[in-house]
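Please walk through this model with me.

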Amino acid sequence: MLPKCPCPNLCGGSYNYSKLRDDLQQQNWKAADRETYERLLEAAGSKAQAQGFTPQDEMDTFSCKDLRTVDRLWNNASNGKFGFAAQQGILRALGDYRKMYNQR
């Protein structure tokens with residue numbers, strides 16, 4: 001686990017998002033994407049880290065504070081183009097997003 005973050009607005013539950021902030025400020029989107037993946041796996045728990053994805057039982061206990069922190073960092077760095085909220089807007093605009101997966 002990374003040390004506690006000295007700046008409260010860069011902290012999720014217990015994880016330091018300073019590197020993510022730095023990658024985003026430099027518009028190094030690929031590095032920021034990887035850092036997001038690593039930090040969210042860490043925040044999700046040991047099973048997620050071992051499997052490389054977040055299983056449902058760990059997803060149910062995921063910290064909203066971590067999700068909000070990551071979303072805010074991406075949103076701020078991209079002027080609202082990236083982040084969970086931006087993705088949610090795209091999915092809502094599509095209507096039933098499950099239709100994307102039912103195309104044959």
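Buried means under 20% relative accessible area, exposed means over 50%, and partly exposed lies in between (1.4 Å probe, protein chains only). This is a predicted model: local features need pLDDT of at least 70, side-chain atom pairs count only at pLDDT 80 or more, and totals for chains, interfaces and linings use all residues. Residues are numbered from 1 along each chain as its sequence is written, and side-chain values use heavy atoms, with hydrogens and water left out.

Begin with the core. A nonpolar core is a set of buried Ala, Val, Leu, Ile, Met, Phe, Trp, Tyr and Cys residues joined through side-chain atoms within 4.5 Å. The largest one has 14 residues. Tyr-17, Leu-20, Leu-24, Val-70 and Trp-74 have the most contacts inside it. Helices H1 (18-25), H2 (29-44) and H5 (64-77) each supply at least two of its residues. H2 gives the largest share, five residues. Helices here are DSSP runs (H or I, at least four residues), numbered from the N terminus.

Take Leu-20. Contact means heavy atoms within 4.5 Å. Setting aside neighbours within four places in sequence, Leu-20 touches Ala-32, Glu-35, Thr-36, Val-70, Leu-73 and Trp-74.

Next, the rings. Rings of Phe, Tyr and Trp (its six-membered ring) pair if their centres lie within 6.5 Å; planes under 30 degrees apart are stacked, over 60 edge-to-face, and the rest tilted. By this rule there are three aromatic pairs. Trp-29 and Trp-74 are stacked, at 5.9 Å centre to centre and 25 degrees between the planes. Trp-29 sits in H2 and Trp-74 in H5, so the pair ties together parts 45 residues apart in sequence. Trp-29 is partly exposed at 28% relative accessibility, whereas Trp-74 is buried at 11%. Trp-74 also pairs edge-to-face with Phe-82, at 6.1 Å and 90 degrees. Trp-29, Trp-74 and Phe-82 form one aromatic cluster.

Now the charges. A salt bridge is a side-chain nitrogen of Lys or Arg within 4 Å of a carboxyl oxygen of Asp or Glu. The whole structure holds six. In H2, Arg-39 and Glu-35 lie four residues apart, about one turn of the helix. Their closest N and O atoms are 2.6 Å apart. Arg-39 is buried at 13% relative accessibility, and Glu-35 is buried at 9%. Glu-35, Arg-39 and Glu-42 are linked in a network of salt bridges.

Asp-57 and Lys-47 form another bridge (2.8 Å, N to O). Asp-57 lies in H4 (residues 56-59) and Lys-47 in H3 (residues 46-51), so this pair ties together parts 10 residues apart in sequence.
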